[in-house]
Structures are given as structure tokens and as C-alpha cells.
Amino acid sequence: MCGIVGAVAQRNIVPVLIEGLRRLEYRGYDSCGVAVLANGEPRRARSVARVADLDDQVRDTRLAGATGIAHTRWATHGAPVTDNAHPIFSRDTLAIVHNGIIENYETLGEVLRGKGYEFVSQTDTEVIAHLIHSLYRGDLFAAVREAVQQLHGAYAIAVLHKDQPHTVVGARQGSPLVVGLGDGENFLASDALALAGSTDRFIFLEEGDVCELKLDGVRIADRDGQPAQRDVRQVAAYGGAVELGPYRHFMQKEIFEQPRAISDTIPQADGFDPSLFGEAAPKVFGKIDSLLILACGTSYYSGLTAKYWLESIAKIPTQVEIASEYRYRDSVPNPNALVVVISQSGETADTLAALKHAQSLGHQHTLSVCNVGTSAMVRQTEFTFLTHAGREIGVASTKAFTTQLVALFVLALTLAKVRGHLSAAQESNYLKQLRHLPAALNSVLALEPQIIAWSEEFSRKENALFLGRGLHYPIALEGALKLKEISYIHAEAYPAGELKHGPLALVTEAMPVVTVAPNDALLEKLKSNIQEVRARGGQLYVFADSDTRIVNAEGLHVIRMPEHYGLLSPILHVVPLQLLAYHTACARGTDVDKPRNLAKSVTVE
Ligand code: F6R
């Protein structure tokens with residue numbers, strides 16, 4: 001999604017800005033741009049193609065300057081055309097880049113039009129540019145502070161002004177922004193990752209902060225306009241570019257990285273102790289009486305899977321909600337509940353807002369399950385369990401999902417132990433199963449050639465149904481999401497028992513029905529559902545545990561899963577669904593790592 005990079009230095013900063021945009025590319029964007037102060041005038045280059053194209057433009061036009069801002073845009077207000085690409089100018093004196101959405105842009109726009117400002121883009125961002133311009137009296141920092149008081153919505157901005165060389169001013173509210181500290185130069189970015197190679201010292205700005213970058217330092221004012229001291233954190237974890245290696249796409253690489261990612265996420269300790277989640281967790285976990293899980297997309301499906309574990313192993317009532325729904329409905333808060341937010345990025349606007357909403361309702365105990373230790377979500381929760389998936393580049397989440405499942409399984413076992421539902425023998429047995437997971441996953445990954453054979457047929461379909469029962473219903477949902485987002489085949493998932501209540505009407509020879517069939521207590525029920533599809537001429541594609549006795553027959557295609565894995569089976573069964581989506585998308589020739597209209601980190605509502 002949108003990305004910001006900014007810098008003040010005593011050298012040409014354009015290569016640093018372009019490199020920063022390159023590092024943010026994987027998040028998805030539809031246009032990009034850069035502006036610098038060149039001989040005291042703001043000059044810019046913008047492109048509706050890739051950052052590489054912007055780089056060519058910059059070289060061709062010899063755009064150079066020591067003070068600059070840059071942006072990747074994911075369109076919200078206004079189409080992805082050059083006029084709407086950032087940086088946006090106000091009267092050729094001020095340039096701004098902006099992530100987020102300004103909700104009162106129409107009202108502000110009317111006032112500014114009344115003052116003679118002309119709008120040349122369809123963006124909400126242009127309103128901020130003119131607003132700051134209208135408030136500028138020789139001090140950009142002061143003008144930005146005054147302007148943000150009038151903005152409603154979520155934003156992170158970076159601004160420069162022709163009369164203030166070696167100055168970039170930033171502000172954030174609801175969207176992340178970090179300051180990178182250098183020697184005699186300073187930086188700003190929406191993600192520390194963008195500044196890898198330039199610095200490893202960061203200040204993570206807080207909500208409402210406004211900052212001013214100069215060559216020799218950075219000053220910050222908090223939301224009340226008071227000078228603020230923020231901790232400087234050393235973050236060395238942001239290495240160079242991630243290599244694709246022998247894989248065709250990052251998604252494929254990330255699917256195959258799952259054994260390693262899972263092994264890194266499984267705690268080293270010999271048991272499930274609440275201290276895995278934070279120092280105060282032993283005290284708090286004993287008191288909580290329920291869980292409220294909030295997340296979006298794939299992370300929501302990991303929460304749905306966890307509900308089965310939490311209620312069956314830990315016997316703790318668990319509610320799972322889509323973050324964007326929860327934040328806008330009236331709900332009944334329970335101060336004794338543990339609110340769990342799940343997110344790969346830790347920056348998803350809807351999940352962050354849901355967390356804030358839960359806290360405002362009086363929920364005091366919060367836990368984040370997250371893949372980014374420096375993210376806003378981790379900083380805003382009482383407890384944390386970090387997944388160690390490593391950087392996920394493909395827009396479609398794969399290793400982030402399975403590592404979330406591992407984290408949530410550990411949470412279920414920890415709560416089971418605290419609540420007296422886990423014997424020492426069970427604990428050591430589950431630990432053994434967890435430790436064997438990476439090896440079991442490797443056997444599942446070895447099914448790839450069989451899945452490629454199926455994907456050829458799938459690539460010619462326009463619709464697909466996914467069925468699962470119990471613990472595997474969320475896995476069917478995740479399989480359908482993977483297929484639709486990267487192959488653009490319309491896919492729906494149902495609990496298999498629901499088939500006869502409606503979706504069976506869709507079943508014809510043209511409709512592939514993918515079924516996840518572990519050998520669990522619901523197997524016989526699932527077999528009946530399979531017969532319902534076969535009786536109507538449907539084509540079934542079943543991932544069946546080897547001991548289920550589901551075998552190939554007319555209209556029934558079976559791939560055998562290597563072993564039955566009990567309660568951890570969802571972690572294995574989702575992998576062939578990831579591979580099926582991946583190879584189907586490849587066969588259809590889509591842009592697998594950057595599917596149309598989607599972004600990796602969804603930082604707007
Ligand atoms: C789908 C996918 C999305 C994300 C969702 C939440 O493959 O990746 O559905 O799961 O946007 O993102 P995070 O986990 O970063 O909060």
C-alpha cells in the first residue's frame with residue numbers, strides 16, 4: 001500500500017529515495033513519485049508505472065537535490081493517473097506525500113477554494129497541501145502542526161517547502177511513520193525497512209506526533225504541541241533485498257519456507273509457560289475468562305481456526321471478529337477478556353482501529369500475534385507473541401498464516417495449562433507433535449507435482465467451491481481466498497454440512513469442489529457430503545489423509561496427505577491449497593506476487 005520516504009542531507013538524496021521506494025514496492029502500489037528542492041525550487045517526477053520507470057525518468061531529467069520526499073501510491077481518492085500521483089504541490093512552493101485518508105477533505109476543500117486555491121487532482125491529499133500552504137508564515141513545522149489540528153481521518157505525511165532548505169516535516173495519526181537518524185543527515189519513512197542501508201537507528205513516532213528533520217537533528221512535538229522525547233531504537237533486522245533463489249515467485253518461495261518459519265516460531269522452552277507472551281502474562285492469564293480475537297483476511301482465518309483449539313483444549317469461550325466490523329458495531333465489553341489481535345504486518349489500519357476501540361471500551365488485556373516486532377500493533381498491546389516467518393513479500397499470505405497458527409496453538413496450550421486442562425503427559429506429547437511439524441510439512445510440500453497436474457484443469461475454470469468441516473472449515477475459507485486473490489477465479493468456501501442448504505444448487509460438471517478431508521471425528525459426515533456432490537455430477541478434488549479410504553473414482557480426484565496430524569492438521573492441510581492456488585495462477589499467467597488491486601499492508605480503512 002502507500003509508502004513514504006523522505007530525507008535531508010548534504011548529498012544528492014534521490015538515489016536513497018528511489019531505493020526506499022523499491023524496498024516498499026512489494027506492498028503493492030499503482031503510481032509513484034519523488035520531489036526534491038533543486039536550486040531552491042520544488043521539482044518532481046511521477047510515474048503510473050513501476051519504480052524502475054520513475055528511476056529512468058529521474059536519470060533522464062537529472063533530477064537531483066539534497067532535500068526530498070517520495071511516495072508509492074495505492075489509489076483511494078482519484079484514479080491512478082499522473083495528476084493524482086504524489087508528491088502533490090501547492091502553488092509550486094510546497095510538496096507533500098500522504099498515506100491514509102482525510103475524511104473531511106470536501107469541507108476543507110470548499111474553504112480553500114473560497115480562498116482562491118485551485119485543485120488539479122482528485123486526491124484528498126491536495127487539501128492538506130493547500131491547507132499547510134495557507135497556514136505557512138515562514139515556519140513549516142508550525143504550519144503543519146496547525147494544519148493537522150483540522151484533519152479528520154488517518155494520515156502520515158511528509159512535506160517540504162521551497163523557502164526551507166534542508167527541512168522535511170512529517171506528521172502521523174493512524175498511519176505509521178518512523179524517523180531514521182543519520183550522521184549529518186536524517187530520514188523519514190512509513191516503514192523502517194525503506195531506510196535499510198541508510199541507518200539502523202529509528203524513532204517510531206507516536207499518534208499525533210509532528211516532527212521536523214534538519215541536517216543536525218530532529219525535533220518532535222506531541223499531539224498537544226509540546227516538545228516530546230522519543231526513544232531511539234537500534235533495529236538491525238532489516239537486511240538487504242530478499243533473494244528469489246531458485247523459485248519463480250516469492251509466493252512459491254514463501255510456501256516452501258514454511259518448515260523453517262514454523263520451526264523458528266515454535267518456542268524453544270520445554271513447556272507452555274505464559275511468560276512466553278510477556279512478563280506480566282503469568283499473572284493476567286490466570287484471571288481472564290474469555291478471548292476476543294480481532295483480525296482481517298487471512299489473519300482472521302487463523303483466528304477462526306484458533307477458536308476450535310481454544311474452546312476444545314483450553315475450554316475458554318472465544319469470539320472471533322472481523323476487525324472492520326467490530327469497530328463499528330455496538331458490542332458488550334468484558335474487562336476480563338483477553339483481546340487478541342492477529343496481523344502479519346502489525347500495521348493493518350482496520351485491526352489497529354479495532355484494538356483501539358476495544359481499549360476505549362475498557363478492555364485492558366491485549367495480546368498481539370504479529371510478524372513485525374517494531375510494528376504499531378506490537379507497541380500498542382500489553383503482550384506479544386512474535387511469529388518468525390521472516391519478511392513476506394508475496395501479497396498473498398502463506399508462511400505468515402501457518403506461523404500464526406503455530407502461535408495460536410501455543411496460546412491454546414498455555415491457557416489450557418493455566419486453567420488446569422493440560423496434563424504433563426499431554427504437554428510433552430503436544431510439544432513433540434509441534435517439533436515434528438516441519439518434517440511433516442516437508443512431506444506435504446513433496447506433493448507439488450501432483451498439485452501442478454490439477455492446476456492445469458483449474459486454470460480453465462471460472463468458479464470453485466471449497467468444503468471443510470470443523471477445524472478445517474477456516475482452512476477451506478483460506479483456500480478459497482488464496483485461489484480468488486491470485487488466480488481471479490471466483491471461489492467460495494462452505495462448511496460441508498451447509499452444502500444442502502443452498503450451494504448444492506451450483507454444483508454441475510463445470511464446478512470443481514475442493515474438499516479438505518482429514519481423518520477426524522467428522523470424516524464420515526464429510527464422506528456423505530462428498531456423495532451429495534458426486535450424485536449431482538460435480539467434480540471433487542479431495543486432499544485426504546492416507547487412512548481415510550477415500551480413493552480415486554469417476555468424478556472423484558484424490559491426493560493423499562502423508563499422515564494424519566490430529567489437532568495440528570489444519571497447518572498441514574492448508575499447504576496444498578496454497579500450492580493449488582499458486583500453480584493455478586501461474587497457469588493463468590497472473591501477476592502472482594502483486595495481484596491486481598491488492599496491497600500487502602493495508603494501511604487505509
Ligand atoms: C490474504 C492476505 C490478507 C491479509 C490481511 C490482513 O492473502 O494476505 O487477507 O491477511 O490484509 O493483513 P495483516 O495480517 O498484515 O493484518
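Tutor: Buried means under 20% relative accessible area, exposed over 50%, and partly exposed in between, with a 1.4 Å probe and protein chains only. This is a predicted model: local features need pLDDT of at least 70, side-chain atom pairs count only at pLDDT 80 or more, and totals for chains, interfaces and linings use all residues. Residues are numbered from 1 along each chain as its sequence is written, and side-chain values use heavy atoms, leaving out hydrogens and water.

Student: How many helices and strands does the chain have?

Tutor: Helices (H or I, at least four residues) and strands (E, at least two) are DSSP runs, numbered from the N terminus. Counted that way, the chain has 18 helices and 24 strands.

Student: What radius of gyration does the chain have?

Tutor: The radius is taken over C-alpha atoms, and the globule rule is 2.2 Å times the number of residues to the power 0.38. For 605 residues the rule gives 25 Å. The chain comes close to that, so it is as compact as a globular protein of that length, at 26 Å.

Student: What share of the contacts with a separation of 6 or more joins residues 24 or more positions apart?

Tutor: Contact means heavy atoms within 4.5 Å. Of the chain's contacts in that set, the share from residues 24 or more positions apart is 73%.

Student: Which residues does S302 contact, leaving aside neighbours within four places in sequence?

Tutor: S302 lies in helix α9, residues 297-312. Its relative accessibility is 0%, so S302 counts as buried. With those neighbours set aside, its contacts are I342, F401, Q404, L405 and L408.

Student: Within what arc do the buried residues of α15 fall, seen down its axis?

Tutor: Helix α15 (residues 448-458) buries E448, I451, W454, S455 and F458. These residues line one face of the helix, because they fall within an arc of 115°.

Student: How is that arc defined?

Tutor: Take the helix axis as the origin of each direction. The arc is that of the directions from this axis to the C-beta atoms.

Student: Which residues on the other side of α3 are exposed?

Tutor: In α3 (residues 105-114), L108, G109 and L112 are buried. They cover an arc of only 105° around the axis, which puts them on the same side of α3. On the other side, the exposed residues are E106, T107, E110 and G114.

Student: Which helix do the buried residues of α3 pack against?

Tutor: Just after α3, G116 takes a positive phi of about 95°. The partner helix covers residues 125-135. The buried residues of α3 pack against α4.
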